[in-house]
Amino acid sequence: MAVQRLVLDAFADDDYELIAIHCSLASYRLAFLLNKNLKLKLFRKKEDIIFRYDDSIANFPLYRYDDHFQYNAYSLLGNKFQTQIESNTDISDGLFTTIENTFTTKHLIPELKKVDYFLKIETETSNFSSKSLLADMLSISQIITAYPVEYATLKSKNNLIFE
């Protein structure tokens, strides 16, 4: 009896470039500046990236632009989400009772907690280089710094798969 084997080499790793952005602006403001200075057309997706944790639900903003002429897809992702934790402890101080508010911050990529945003660039061509894009991005005065990240070394790189 003959033995048949199936080889699953058809599945290739995702090929994209990832740029970390340190910026204190709101996500919509950063998307506006990137659109203006990099000639992109990022728009807010109707559905955010949602992760469910034991104590909360985190919504990370997602902006997307598909460049059909250059065969590139740009995604601007928020890395931080701050939420208030429900606490049942009341602090009584004389006549007044105050409720203690505690906040927690969740990260899309926990290894890079100081990064505020990521720009994920998926390309179908092999000659795309993000160096000129990165130089234009660093010319925006509101962006503190931006640098490429090697996504293959990230432990939580599966969090960047959202489609």
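A salt bridge here is a side-chain nitrogen of Lys or Arg within 4 Å of a carboxyl oxygen of Asp or Glu. The model is predicted, and local features need pLDDT of at least 70, side-chain atom pairs count only at pLDDT 80 or more, and totals for chains, interfaces and linings use all residues. Residues are numbered from 1 along each chain as its sequence is written, and side-chain values use heavy atoms, with hydrogens and water left out.

**Salt bridges**

Start with Lys80 and Asp116, a salt bridge whose closest N and O atoms are 3.2 Å apart. Asp116 is buried at a relative accessible area of 18%, while Lys80 is partly exposed at 36%. Buried means under 20% relative accessible area, exposed over 50%, and partly exposed in between (1.4 Å probe, protein chains only).

Next, select Glu122 and Arg64, where the closest N and O atoms of the salt bridge are 3.1 Å apart. This pair also links distant parts of the chain: Glu122 belongs to strand β11 (residues 117-123) and Arg64 to strand β5 (residues 62-67), 58 residues apart. Arg64 is buried, with 9% relative accessible area; Glu122 is partly exposed at 26%.

Then go to Asp48 and Arg44, a salt bridge with its closest N and O atoms 3.0 Å apart. Both residues are partly exposed, Asp48 at 23% and Arg44 at 40%. The structure holds four salt bridges.

**Nonpolar cores**

Now select Ile21, Leu76 and Met137. Of the 24 residues in the largest nonpolar core, these three touch the most other members. A nonpolar core is a set of buried Ala, Val, Leu, Ile, Met, Phe, Trp, Tyr and Cys residues joined through side-chain atoms within 4.5 Å. Elements giving two or more residues to this core include β1 (16-23), β6 (72-78) and α2 (131-138). Helix α1 gives the most, with five residues.

Stay on Ile21 and show its contacts (heavy atoms within 4.5 Å). Leaving aside neighbours within four places in sequence, Ile21 contacts, among others, Leu30, Leu76, Asp116 and Met137.

Finish at another core, apart from the largest one, with 17 residues including Leu62, Val115, Val149 and Leu154.

Conventions:
Helix = DSSP H or I, 4+ residues; strand = E, 2+ residues; numbered from the N terminus.
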